[in-house]
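Please look over the sequence and the model together before reading on. The paragraphs below begin with a single side chain and its surroundings and then turn to the chain as a whole.

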Amino acid sequence: MHRHVTGEFGCVEKGLQRAGSVMVVACLLILTWSSWAAAQQKASAPDWKAVEDAIGRSGQMQPEDVIKFGMPRKDLHVMAGNVAIKPGLALGSWAAFKRTENGAMVMGDLVLTEDEVPPVMRKLQEGGIAISAVHNHLIGESPRVMYMHIASHGDAVKMARAIHDALALTKTPGPDADSAAPPAEALGIDQKKIEETLGRTGKVNGGILQFGVPRAEIITESATMVPPSMGVATALNFQPTGNGKAAISGDFVLLGQEVNPVMKALRENGIDVTAVHSHMLMEEPRLFFMHFWANDDAVKLAKGLKAALDLTNSQKH
């Protein structure tokens with residue numbers, strides 16, 4: 001054997017020097033087991049291309065090896081007051097997959113019309129997908145929109161196929177290439193001022209200025225760590241409505257003791273709370289999701305959101 005072997009194989013050389021053939025056998029067994037374990041882990045890891053094929057659209061890679069699929073309801077024409085809601089404000093179905101020791105975890109939120117809820121629920125459960133919530137996010141919108149949350153574990157490809165089959169029962173548009181966002185200067189609201197007020201950088205998506213604010217805690221679901229991109233970051237969305245105004249929607253991700261202080265801060269700043277509920281079933285720590293709505297001066301609303309955000313244990317930017 002080469003005299004300068006290093007790493008794992010170096011233990012074989014030391015075995016020859018110290019304990020003879022018994023140590024050699026032990027080291028070789030360790031190497032064999034390590035190679036087998038690595039091969040098993042690789043074999044059980046989800047193939048994201050296969051997941052994309054099963055769900056029928058391309059995903060976007062997120063931090064911590066998460067792949068996320070956006071499925072905006074561009075087919076819906078929903079009005080909230082005099083505001084025609086864009087998909088990026090409150091009509092964005094999505095599903096995100098993360099590798100786990102035994103396959104994958106999927107989290108998501110499907111935007112549905114009322115008549116779509118029963119068939120989609122049936123098809124998801126037939127495909128082994130666990131549903132964690134069905135509820136509203138808005139109030140007073142027309143037509144009525146419901147949101148079905150999923151939180152499931154299993155084979156990534158099988159779960160992706162089940163989601164595809166459920167969406168096929170809706171009028172959710174298929175993937176298309178028309179996803180270019182308008183330039184920032186076309187927004188009609190002061191993006192820089194809003195970012196300065198919130199102390200965070202946003203992104204423009206489909207004409208919506210969006211912010212994601214992760215919590216400071218490590219969040220788990222069924223003992224699996226859930227990254228912020230899988231629905232556990234506070235979402236703040238601004239849709240310009242003219243003359244420097246914006247409609248805002250999204251949700252704060254909160255601990256129980258934060259719910260009422262944040263609710264009070266929002267209401268004192270002219271922001272309506274439209275729902276408070278859970279999105280998950282087995283999360284730690286226990287979380288509540290507070291949805292909101294307002295249509296007013298965009299910078300003024302950003303100040304109200306910042307006042308509420310300061311009452312949460314969110315990550316510092």
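Leaving aside neighbours within four places in sequence, Lys-98 is in contact (heavy atoms within 4.5 Å) with Trp-48, Asp-65, Val-66, Gly-103, Ala-104, Met-105, Thr-224, Met-225, Pro-227 and Met-230. This is a predicted model, in which local features need pLDDT of at least 70 and side-chain atom pairs count only at pLDDT 80 or more, while totals for chains, interfaces and linings use all residues. Residues are numbered from 1 along each chain as its sequence is written, and side-chain values use heavy atoms, with hydrogens and water left out.

Lys-98 is found in strand E5, residues 92-100, where strands are DSSP runs of at least two residues (E), numbered from the N terminus. The side chain of Lys-98 does, however, reach the backbone oxygen of Met-225 at 2.6 Å.

Turning to the whole protein, buried residues make up 47% of its 317 residues. Among contacts between residues at least 6 apart in sequence, 65% join residues at least 24 apart.

The average pLDDT, the predictor's confidence in each residue on a scale from 0 to 100, is 88, and 83% of the residues score at least 70. Over residues 1-17 the pLDDT is below 50, although this stretch has 20 contacts in the model beyond near neighbours in sequence. Where pLDDT is low, the predicted coordinates should not be read in detail.

How values were computed
Helices (H or I, at least four residues) and strands (E, at least two) are DSSP runs, numbered from the N terminus. A polar contact is a pair of N or O atoms within 3.5 Å; within protein, one must be able to donate a hydrogen and the other to accept it, and residues adjacent in sequence count only if both atoms are side-chain atoms. Buried means under 20% relative accessible area, exposed over 50%, partly exposed in between (1.4 Å probe, protein chains only).
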